[in-house]
Amino acid sequence: MMSIRLPLALMALVLTVLPAAAQSRPAIAYTTANLNMRTGPGTNYPVVTTVPNGGGVTVFGCTADYRWCDSAFANARGWVSGRYLSYGVQGSYYGRPIPNAGVYIGVPLYRRNYPVYTRPPIAVQPVRPHYPYYPRYPYRRY
């Protein structure tokens with residue numbers, strides 16, 4: 001009888017740990033429109049970059065109402081509107097908007113203390129000195 005209880009207890013432990021491990025992983029989503037990525041969760045924050053329609057983003061978490069999601073695209077990290085994200089992993093929630101599927105796929109929620117990212121510095125072109133045109137031969141040879 002003891003030999004049956006131990007495997008059942010281990011299986012119960014594994015089944016309770018697996019959903020917690022699945023919830024800690026970021027979700028993969030695709031944009032359904034050209035989407036501005038911002039430094040914070042709101043339109044009053046500066047734009048970091050624009051994610052093109054169909055661009056794949058990694059979602060690390062969302063606000064409690066899934067309106068804004070902390071995401072990464074290419075080498076940028078910021079906040080995008082959750083309304084324009086659809087879940088991108090094959091399965092029963094594939095293609096559903098993140099606000100509808102987020103609860104079921106385990107997207108972490110930020111209740112407060114949202115991370116606000118700094119805007120990346122704008123690449124400044126070096127200033128080239130302007131030299132006036134000088135003729136090749138400033139004097140005439142005879």
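Is W79 buried or exposed? W79 is buried, with a relative accessible area of 0%; here buried means under 20% relative accessible area, exposed means over 50%, and partly exposed lies in between, computed with a 1.4 Å probe and protein chains only. The structure is a predicted model, in which local features need pLDDT of at least 70, side-chain atom pairs count only at pLDDT 80 or more, and totals for chains, interfaces and linings use all residues. Residues are numbered from 1 along each chain as its sequence is written, and side-chain values use heavy atoms, with hydrogens and water left out.

The chain as a whole may be described before its parts. Its secondary structure comes to two helices and eight strands, where helices (H or I, at least four residues) and strands (E, at least two) are DSSP runs numbered from the N terminus. Along the sequence these elements follow the pattern α-β-β-β-β-β-β-β-α-β. Of the 142 residues of the chain, 29% count as buried. Contact means heavy atoms within 4.5 Å; among contacts between residues at least 6 apart in sequence, 53% join residues at least 24 apart. The chain exposes about 10,500 Å², and carbon and sulfur atoms supply 58% of this area, which comes from the Shrake-Rupley method with a 1.4 Å probe; for residues, only the protein chains shown count as cover.

Helix α2 spans residues 98–105, and its buried residues are I98, A101, G102 and I105. Seen down the axis of α2, these buried residues fall within an arc of 125°, so they line one face of the helix; the arc is that of the directions from the helix axis to the C-beta atoms. The face of α2 turned away from this buried side carries the exposed residues V103 and Y104. What covers the buried residues of α2 includes strands β1 (27–31), β4 (56–63), β5 (68–73) and β7 (85–87). After α2 comes G106, whose phi is positive, near 85°.

W79 also takes part in aromatic pairing. Rings of Phe, Tyr and Trp (its six-membered ring) pair if their centres lie within 6.5 Å; planes under 30 degrees apart count as stacked, over 60 as edge-to-face and the rest as tilted. By this rule there are three aromatic pairs. In one of them, the rings of W79 and Y114 have their centres 5.9 Å apart and their planes at 80°, so the pair is edge-to-face. This pair links distant parts of the chain, with W79 in strand β6 and Y114 in the segment after β8, 35 residues apart. Y114 counts as partly exposed, at 34% relative accessibility. W79, Y110 and Y114 form one aromatic cluster.

A74 is in the loop between β5 and β6 (76–81) and is exposed, with a relative accessible area of 71%. N113 lies in the segment after β8 (109–110) and counts as exposed at 70% relative accessibility.

The surface also holds a nonpolar patch formed by I28, Y30 and V89, with about 210 Å² of accessible area together. Patches are made of residues with over 30% relative accessible area and no salt bridge; like charges are joined within 9 Å, and nonpolar side chains (Val, Leu, Ile, Met, Phe, Trp, Tyr) within 5 Å. A salt bridge is a side-chain nitrogen of Lys or Arg within 4 Å of a carboxyl oxygen of Asp or Glu.
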